[in-house]
Amino acid sequence: MTMQASELSFLIIDDNDVSRSMMRHVLNSHKYRVAGEAASAQVGLDMFEKLEPAIVCLDIGLPDRSGLEVLKRMKELDPKAEVLMVTGSNDRNTVMEAVQNGAAGYIVKPFNPATLLRTVEQAVAKRLATGGLLTTPVAKPVDKPE
Amino acid sequence: MNDHLAKPVNPAKLYRVIGRWCPQHVCEEAPVEDAPLPVDEADLAIEGLDVRDGLSRTLGNRDFYLQMLARFRDGQRDTVANIRGALASDRVVAERFAHTLKGVAGLVGAKAMQELSGRIEAAIRNGMAPEALQPLLQELDAQMQSLCKAIGNALPPAAGFRLPENSSRAIAHPFSDDEGP
């Protein structure tokens, strides 16, 4: 089974519509497929179960539940899901807790497109490499190793 | 040995090496550059906004940027009243209103408002009394009124203002939900 980055689906969970729209705009501009958006933890978790996204952009400061709790639940439901935490704070304890609970990356608001895409590309690479998608037998290299 | 990866493994490097041997799995997206974006903001000046900064966050898409400004105005114009109201009953909620404004102001290029709302957020978190917060809230209120007016003057007539193709609303959502604060 082969899989391209553009085939991976994204879910955006953020309580602010401007933030969600700008993330979607940047992701769509680079051919990433955003399957859905949610403004709350509960709706986000419902969509996570139904859409089974490969990558989630998850705001930490949600109105009904902490994004860190949502992260834990998502990793229980699908350990392969790559969850990128989005927040206006880079508090060290919060970052550590997110990483310890399996977050794939950290995006600090206000994000710029380059930073957002760099973080997303790392999550995409990890998902494609470790998500059980590489089952094609290894062939000859296309160029000489460096 | 066909290739080599040093620990700790960086996912991006791992994927590059895999891509060398399995090219069908290589991400085809263009590399991300930090170079300035080709934005044309010469005819778009809005008091209270760093338009170039805001446009760069929408990849230079002027129509989309204006759409985000309209949503910012409609979604944040009551933030000061919301903070004042929440201060009496739930300081965590008051702090969250300020926190949300800080983030979204930064996204649209409202740098002074981003800085001020960040100060208010910190003051609430650190226990500053509501009375002592009033000068900061008055300053934020004045900024907000001025910015909302400036955004309104910059927006084209509503009838001719539509989201561009491939924007957020152009893709059907399987679910919908309400906006938070």
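1. Start with helix α5 of chain A, residues 113–130. In this predicted model, α5(A) lies across β1, β3, β4 (82–87) and β5 of chain A. Its direction makes an angle of about 165 degrees with β4(A). Angles over 145 degrees count as roughly antiparallel, so that is the word for how this helix runs against β4(A).

2. Now for the strands under that helix. They belong to an open sheet of five strands in chain A, ordered β2-β1-β3-β4-β5, and the pairing is parallel. At the edges sit β2 (33–38) and β5 (105–108) of chain A, each of which pairs on one side only. From one strand to the next, the twist averages 20 degrees.

3. Have a look at β3(A) in particular. Where do its residues stand, buried or exposed? Five of its five residues are buried, so the strand is mostly covered. A:Ile55, A:Cys57 and A:Asp59 point one way, while A:Val56 and A:Leu58 point the other, and all are buried.

4. With β1 (residues 9–13) of chain A, strand β3 (residues 55–59) pairs in the parallel sense over four bridges. Within that pairing, A:Ile12 stands opposite A:Cys57, and A:Ile13 has A:Leu58 as its bridge partner. Between β3(A) and β4(A) there are five bridges, again in the parallel sense. There, A:Asp59 of the buried set stands opposite A:Val86 in β4(A).

5. One residue of β1 deserves a stop: A:Ser9, which lies in that strand of chain A. Its relative accessibility is 7%, and that is why A:Ser9 counts as buried. Which residues is A:Ser9 in contact with, leaving aside its neighbours within four places in sequence? They are A:Arg33, A:Ala35, A:Leu51, A:Glu52, A:Pro53, A:Ala54 and A:Ile55. Among these, A:Ile55 is a residue of β3(A) that is itself buried.

6. Stepping back to chain A as a whole, there are five helices and five strands. Read along the sequence, they follow the pattern β-α-β-α-β-α-β-α-β-α. Of the 146 residues in chain A, 58% are buried. Taking contacts with a separation of 6 or more, residues 24 or more positions apart account for 65%.

7. A:Asn28 and A:Ser6 are 22 residues apart in sequence, and their C-alpha atoms are 9.6 Å apart in space. In the loop between α1 and β2 of chain A lies A:Lys31. Phi of A:Lys31 is near 70 degrees, a positive value in a residue other than glycine. With a relative accessible area of 61%, A:Lys31 is exposed.

8. Here is a backbone detail to check on screen. Where is the cis peptide bond? It joins A:Lys109 and A:Pro110, with omega at about -5 degrees. A:Pro110 is found in the loop between β5 and α5 of chain A, the latter being the helix that lies across β1, β3, β4 and β5.

9. On to chain B, which has seven helices and zero strands. From the N terminus on, its elements therefore read α-α-α-α-α-α-α. Buried residues make up 41% of the 181 residues in chain B. Of the chain B contacts between residues at least 6 apart in sequence, 57% join residues at least 24 apart.

10. On the α4(B) side the contact is made by B:Thr79, B:Asn82, B:Ile83, B:Ala86 and B:Leu87. From α5(B) come B:Arg91, B:Val93, B:Ala94, B:Phe97, B:Ala98 and B:Leu101. By class, that makes eight nonpolar, two polar and one charged residues.

11. Last, a loop residue in chain B. B:Leu59 sits in the loop between α2 (51–57) and α3 (62–76) of chain B. Its phi is near 55 degrees, a positive value in a residue other than glycine. At 26% relative accessibility, B:Leu59 counts as partly exposed.

Notes
Residues numbered from 1 in each chain as written. Chains lettered and ligands numbered in written order. Predicted model: local features only at pLDDT ≥ 70, side-chain atom pairs only at ≥ 80, totals over all residues. Heavy atoms only, no water. Contact = heavy atoms within 4.5 Å. Helix = DSSP H or I, 4+ residues; strand = E, 2+ residues; numbered from the N terminus. Nonpolar A, V, L, I, M, F, W, Y, C, P; charged D, E, K, R; others polar. Pairing = 2+ DSSP bridges. Axes fitted to C-alpha atoms, helices over the stretch in contact; angles between N-to-C directions. Buried < 20%, exposed > 50% of the residue type's maximum accessible area, 1.4 Å probe, protein only.
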